[in-house]
Amino acid sequence: MAEDRDAELQRVYLAFDKMREQIEKMAAQAEFGVGGEHEEVLETYKMFAYDEGWSRRIIEAIDSGLTAEAAIERVQQRTRMRMRQIDDPLLADRMHDLEDLSNRLLRIVSGQMGTAASMGLRQDSILIARNLGPAELLEYDKRRLKGVILEEGSLTAHVVIVARAMGIPVLGRVRSLRAAVREGDLLLLDGDQGNATVRPVPAATEAFEARFAKNKERQAAYAALREVEPFTRDGTRIQVLMNAGLRDDMPNLALTGADGVGLFRTEFQFLVSATLPARERQTRLYRDVLDSAGDKPVVFRTVDIGGDKVLPYLRHNDGEDEENPAMGWRALRVALERDGLLKVQARALIEAAAGRTLNVMFPMVSEPWEFDAAKAVFDEQLKYLKQQRKPLPEAIEFGAMLEVPALAEVLDILLPKLSFVSIGTNDLTQFLFAADRANPKLAERYDWLSLSILRFLSRVVKANAGHNVRLAVCGEMGGRRLEALALMGLGIERFSITPVAVGSIKEMVRKVDLPELRRAMSGWLSNPPPDIRAALRHWATERGIETD
Ligand code: PEP
Ligand code: MG
């Protein structure tokens, strides 16, 4: 119990001031470049730091007789309890930000200012934590911090987004690691393979170092291909574009030499934001992205919200839990109902692309009328802006994702309406095999090189022939060498893939004789060997094409 209520209040007011000052300072430092997603994260922090409700609850707790420390802890505990009742990973991330701030406030009030970060790090440190707030991460010396391993944490966690901006590999969901590691232990962290080895035996360290060196060598070889256009041996130009979703992804365009952005996931801005991004903020992002792409094309996909990408501030499903969110109220289905959402995005995209070509792609199109309805929202905005005599894009090209199998049956109706189609193999294969893409137990069960997938894709390629429609693949499948080879064998000549894979795929493309590959693939489809992956690997190896 506090003896002196006023003194406790004074302490808490001072602590709030100090904490706000720290956050402002961090935001002002802009150490990782201006305009990155970490700024959005810090904006969320600022929002919490100035949150009236939070400070009011702490003050009320002091009024009830608690000390400043006890009041902060009580509010923190209550928030934590409420948070446990809400089973929503994104909201959990936000709540975690609030915990981060709450701990900071507690440290300030109790005079324990020395955090692990401010005590300094040894050279080449890997940080292990149950969880970490993005602001905490920003306090570490990024020259010394070489990796982060979290017992909790998810791909959409703010801390992961910030770490990516800092170029630091992060491993999440590594259970009970803290108990198994002591400070100073040697630890190998392989971000590509998603694993870590504690106190490795010498042979493991050697193998790791060899892999690391080989990887570096390969990356250097791929980087040397940055300016080289990927032609196959028979002279077919394969388009290798990259996927993006954050402003911070854009420098990869120049670094990898990709032909453009074949999939810009616009929902990422919504995911890292504490509130629905206002139209001006959307326009600013799209304009920045187009500016940094220069002459290279960018395909903006309208928001794919819903499914596993739930926004706490948008009750897209009227608060109802869905049994199968991936097949539920998501993407275009939400956008068409909440056409305010799509309208705002359409306006932002059209305005941002003034004087240039705008490429718009709709996700989860399941029937052609959905494409028509979404396009009509853009047409309406275009008409309005024309009436307002606003500068308009030179051209607008519309496309659809092919990720719902039903759409493949009606391509004859859909294709004449659009300029491009992009096959989203992540969702498409989960729907073809009825296998949840987020379920680790199923991750390895069905092969991307299975006969069903390859035959399905082959039919899509054939249905597209004769239409003046660019056909691409933008799922993860296209970023893997053997899978990309198979896709080329099926007739795919356009890929949009994760930036780290661009160099590797360009290098592979240059070794391929396309007619020969297509003959082989056509033979496997009509006369299947027991294991197509093995057959393709054998075929590639015989021709000096590395398969992983
Ligand atoms: C896909 O489904 O393959 C795709 C590219 O989109 P996302 O991964 O964003 O669902
Ligand atoms: Mg998808």
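**Exercise 1.** Which protein donors does the magnesium ion (ligand 2) have, and where do they lie in the fold?

*Solution.* Start with the donors: Glu403 (OE) and Asp427 (OD) lie 2.1 Å from the ion. Donors here are N, O and S atoms within 2.8 Å of the metal (3.2 Å for Na, K and Ca); water is not among the atoms, so the site may look incomplete. Glu403 sits in the loop between β10 (395-402) and α15 (411-414), and Asp427 in helix α16 (residues 425-432), so the pair ties together parts 24 residues apart in sequence. Helices (H or I, at least four residues) and strands (E, at least two) are DSSP runs, numbered from the N terminus.

The model is predicted: local features need pLDDT of at least 70, side-chain atom pairs pLDDT 80 or more, while totals for chains, interfaces and linings use all residues. Residues are numbered from 1 along each chain as written, chains are lettered from A and ligands numbered from 1 in the order written, and side-chain values use heavy atoms, without hydrogens and water.

**Exercise 2.** Which polar atoms lie 2.8 Å from an oxygen atom of ligand 1, and how much of ligand 1 does the protein cover?

*Solution.* Take the side chains. Arg265 places a polar side-chain atom 2.8 Å from a ligand 1 oxygen. Finally, α16 gives the most to the shell around ligand 1, with three residues.

Definitions and conventions: Polar contact = N/O pair within 3.5 Å; in protein donor to acceptor, adjacent residues only side chain to side chain.
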